Amino acid sequence: YNRLSQRIKDPKPYEHQARTIIWALYALDQIRRFLTSFKQYNYQNVSNIISLKPRRDAVALLAPTATGKTEVLETIAFQLAIDGVRAGFTSTKVIMIYPMKEFMKDHIKRFIRDLTYLYINNQKLSIGLLNEDIKDPNELSIDSRNLENYLSTFFETDQNGKPLCPIHATPLSYRVIGNNINVTCSGYQHEFDFIKFTRDAIRSEPPDILLITPDMLNIIMRNTSTKSDYKNVFGFEDSFGFPLAIILDEPHIYSSIFGTNVSLLLRDLRELIRQVAQRYKLHYEPFILATSATLPNPHTFLAKLLVTDPSSIEIIAPVSPDTQFMSNKGVLALLPTPRQQKSGWGIQNARIEIIPLLASILPPNKRRILVFVDSTELAERLVYQITDYISRESGFWEEYAVCKKISSIYQPDVCPNGVPNKAFISIEPLSARMNDKVRREI
């Protein structure tokens, strides 16, 4: 539907999209088969625990921006939500964790558009959003302008800031009723009651798909004053079932102390889901799907974040995961300028040496380095100094034993057949004299 609506002729999925979806469905095959008969599963009379462990603990797609990662998230989230609905689950089926609320904005609007299409074609799935901007009904102003601003999180707006139907681009009518906002497409009269616009709506009737930030997840799981309010989301209290998957968007951001806290949070969330599954005499390991644009050493990084065996993580990437973290354009370098000439010799040497070092490590197709300095004079002087440095045997080549460390550190074309290639980089100052093609590429 997405591709047809955008009038893309003869649509073909990217190979990495298809591979990720296939791997995720393969990993989930056992639980999805089990869900087809879950309504007939009389767990009260079962004595033995049934094990439902995914074939992979996690599947991760690493791909550059605008290569269809959202389509993968959406496909798996929607499919698992449909499976859970058909099994009779009333808890949240998929929990999607975003490192920052800004990352949710484009996704929530896209998901709502596609869920609206499903809804008017008789497949209803509900969705909710939890971050610090989501309010309770008593916090919402009845003033129409304030409601329009609030709904702009969920819908595209016209030039006057009024929310529009994601399918027909017609104006929406809206008002607060009970614990939610009643929104209707004024032109075609279909409602948006599948969206949980408020916290109270999420608490009372958990959405099939929940988008949430780590901060909010921490609050609803660990804060004693709110923990009991959201038990239905996880399958406690009056709801039935349990979350089937955790989806992580841009997990590369989870580093340092923030990463440690998120790792502990994920550990507790997975344990909570295990506990709920045990109510149904099931030993279930929650499946994790991750998508990221940049993630160096992905097996190691995700294994530490998820506290799992690296061999249980399937990585899909259009290029090698080991080089995925590198920019597809090149490198930006900000070189320091010594404030005092008498103390600046070490910094001056570092400025001369670091550029050839970076260039010799980068693959030839990524060997583009844009260097920022504070004057045209310094730029021209650096060009002369770096060119001289790599032209002398006693310079770059001897100091770093380049030809002895080819492949282990440096790229093969830097020293082919053991002979220094002193033309492996070309250096120029950015000026009006520069070649037009080079200027356009920069």
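User: What percentage of the 442 residues in the protein is buried?

Analyst: Buried residues make up 46% of the 442, where buried means under 20% relative accessible area, exposed over 50% and partly exposed in between, with a 1.4 Å probe and protein chains only. The model is predicted, so local features need pLDDT of at least 70 and side-chain atom pairs count only at pLDDT 80 or more, while totals for chains, interfaces and linings use all residues. Residues are numbered from 1 along each chain as its sequence is written, and side-chain values use heavy atoms, with hydrogens and water left out.

User: Why is His190 called buried?

Analyst: The relative accessible area of His190 is 11%. The cut-off for buried is under 20%, so His190 is buried. His190 is found in the loop between strand E6 (180–185) and strand E7 (195–196); helices (H or I, at least four residues) and strands (E, at least two) are DSSP runs, numbered from the N terminus.

User: Which residues does His190 touch, not counting residues up to four places away in sequence?

Analyst: His190 touches Thr116, Ile120, Cys165, His168, Val183, Thr184 and Cys185. Contact means heavy atoms within 4.5 Å.

User: Why are H2 and H4 called roughly parallel?

Analyst: Two packed helices are described by the angle between their axes and the distance between the axes. Helix H2 (residues 15–27) and helix H4 (residues 69–86) pack at an angle of about 25 degrees, with their axes 10 Å apart. Axes are lines fitted to C-alpha atoms, for helices over the stretch in contact, and angles run from 0 to 180 degrees between N-to-C directions. Angles under 35 degrees count as roughly parallel, over 145 as roughly antiparallel, 65 to 115 as roughly perpendicular and the rest as oblique. H2 and H4 are therefore roughly parallel to each other.

User: Which residues make the contact of H2 with H4, and how do they divide by class?

Analyst: Gln17, Thr20, Ile21, Ala24 and Leu25 in H2 meet Glu71, Val72, Thr75, Ile76 and Gln79 in H4. By class, this contact has five nonpolar, four polar and one charged residues. Ala, Val, Leu, Ile, Met, Phe, Trp, Tyr, Cys and Pro count as nonpolar, Asp, Glu, Lys and Arg as charged, and the others, Gly among them, as polar.

User: Why is Asp268 called partly exposed?

Analyst: Asp268, in helix H10, has a relative accessible area of 24%. The value lies between the cut-offs for buried and exposed, so Asp268 is partly exposed. Asp268 touches Met221 and Arg222, not counting residues up to four places away in sequence. Asp268 and Met221 are 47 residues apart in sequence and 8.5 Å apart in space, C-alpha to C-alpha.

User: Are Glu250 and Asn417 buried or exposed?

Analyst: Glu250 has a relative accessible area of 14% and is therefore buried, whereas Asn417, at 81% relative accessibility, counts as exposed. Phi of Glu250 is near 50 degrees, a positive value in a residue other than glycine. For Asn417, phi is near 55 degrees, also a positive value in a residue other than glycine. Glu250 lies in the loop between strand E9 (245–249) and H10, and Asn417 in the loop between helix H15 (393–399) and helix H16 (436–441).
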